[in-house]
Amino acid sequence: MGNCSTGSCSGCGSKEHEAAPFVAEGDLAARGELDYAIPHRLEDYKPLLPRRAPPYKVHWNWEIILPCNYRCRYCVVHNESASFLTLPVEEWRKIWGRMFKLYGCCQVRFAGGEPTIYPDFINLVAMILEMHTVDITTNLSFDVEEWIKKVPAQGIAISGSLHLDHVEPGEFLKKLLILRDRGNQLISASLVAYPPTLHRVEPIREMFEKERVLFKIIPFNGVYEGKRYPMAYTDDERRILGMQVEKSKDELGKTLNKQWQDYANAKPDDKNFLGIPCHMGELYAKIYSDGTVRRCCHTGVDILGHITDENLKLYDEPRPCTVVACSCWKPMVSGRYEEKVGMLWQSADHPVWQAKAEVLAP
Ligand code: SF4
């Protein structure tokens, strides 16, 4: 599966890292690189900030590139011939500075394809981290040592997608642990529960949890041997997946995996939120690789604009859902998700821009 957006990560111990420090607003201004005023006083956030509902922070899901350097049997996302929007990092700085000005410190989640093969990706991430927090869903095929040297370790979560066609779990885990040892506060791993490799899920989960790495098990969404999954999982297979949730000692892992499985097992009516207000579009938006911005990931939902539009804005409040069967595994439907949001929509703390929800709430 491509490195699609798969969830949040748990905290873990961290050491001082040796990467470049964050650049504070004053430093940027002194270098003449700040051509926008970053609002950081609470009164400057009104009326768009603070957002009045959890998760308070705006989440951007950026499917930045569809090509991938892996060829996984179960992948339905990667597309080698798909074009994608490329801009110099300094142009992206203007765009993400504008979003900072509108919404404060946001969470920017990179997905794909394999986002780390996007041109100049390391410098793009380092720039965004000046203003926002970041989560990257990646197959970890990049050079970890180079990464550590150039990308700050605070404010970022690394969600590693383990693809057994290409890498062994031990080698993959080693990379994650190097990132954690060098200061990355949030690391996690995920594995697609592909029918032929289902028997490997338990030992691999145990291996990762032994090292206190959050391990997410993603139900397979696609066709295998003519059968459409996740509906085609047998009772035995569902039991195996359910057991993995029960056996997990990691509470966050348990919550995320249960959410995935509930979604995979949900009946169509349980996913129908037509007409019910949803915070997606207000607290969340998906950016497609061509720069189109939609309110959520469901095909055909409202387009909010293009990421380069100077007047691009999110909704000011939740709006009714317009589709019959929501395809999001953690929709932000008003009144239905608030109690789960602390677990499902976690993000790293930014070392400079720490807008606390309890401070910002009315
Ligand atoms: S309920 Fe689902 S499809 Fe509807 S707006 Fe929310 S996330 Fe999108």
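A residue is taken as buried if 20 or more other C-beta atoms lie within 10 Å of its own. By this criterion, 41% of the 362 residues of the chain count as buried in the predicted model. The chain holds 10 helices and 13 strands. Among contacts between residues at least 6 apart in sequence, 77% join residues at least 24 apart.

An open sheet is formed by 9 strands, in the order E6-E5-E4-E3-E2-E1-E10-E11-E12, with mixed pairing. From one strand to the next, the twist averages 20°. Within this sheet, E2 and strand E3 (residues 133-138) run parallel and are joined by 4 bridges. Phe110 stands opposite Ile136 of E3.

The largest nonpolar core comprises 79 residues, of which Ile128, Val134, Ile156 and Val213 touch the most other members. Strand E5 (residues 186-193) supplies the largest share of this core, with 6 residues. When residues up to four places away in sequence are left out, the contacts of Ile156 are Leu129, Thr133, Val134, Val151, Asn184 and Ala348. One of these contacts, Val134, is also listed with Ile156 among the core residues that touch the most other members.

Helix H3 contains Leu124. This residue is buried because 22 other C-beta atoms lie within 10 Å. Leu124 touches Val89 and Trp92, again not counting residues up to four places away in sequence. The C-alpha atoms of Leu124 and Arg93 are separated by 8.3 Å, although the two residues are 31 apart along the chain.

Two cis peptide bonds are described here. The bond from Gly112 to Gly113 is cis, with omega near 25°. Gly113 belongs to the loop that connects strand E2 (107-112) with helix H3 (121-128). The bond from Tyr229 to Pro230 is likewise cis, and its omega is near 15°. Pro230 is placed in the loop between strand E8 (227-229) and helix H7 (235-247).

Positive phi values occur in residues other than glycine. For Tyr56, phi is near 65°. Tyr56 is located in the loop between helix H1 (25-30) and strand E1 (59-65). It counts as partly exposed because it has 19 C-beta neighbours inside 10 Å, whereas a buried residue needs 20 or more. Glu225 has a positive phi of about 50° and lies in the loop between strand E7 (222-224) and E8. With 8 C-beta neighbours inside 10 Å, Glu225 counts as exposed, a class that requires 12 or fewer.

The ligand is surrounded by 13 residues. The closest are Cys278, Cys296, Cys321, Cys326 and Pro331. By class, the shell around the ligand consists of 11 nonpolar, 1 polar and 1 charged residues.

Conventions:
Residues are numbered from 1 along each chain as its sequence is written. This is a predicted model: local features need pLDDT of at least 70, side-chain atom pairs count only at pLDDT 80 or more; totals for chains, interfaces and linings use all residues. A residue is near a molecule or strand if its C-beta atom, placed from the backbone, lies within 6 Å of it. Ala, Val, Leu, Ile, Met, Phe, Trp, Tyr, Cys and Pro count as nonpolar, Asp, Glu, Lys and Arg as charged, and the others, Gly among them, as polar. Helices (H or I, at least four residues) and strands (E, at least two) are DSSP runs, numbered from the N terminus. Two residues are in contact if their C-beta atoms, placed from the backbone, lie within 7 Å. Two strands pair if DSSP finds at least two bridges between them. Axes are lines fitted to C-alpha atoms, for helices over the stretch in contact, and angles run from 0 to 180 degrees between N-to-C directions. A nonpolar core is a set of buried Ala, Val, Leu, Ile, Met, Phe, Trp, Tyr and Cys residues joined through C-beta atoms within 7 Å.
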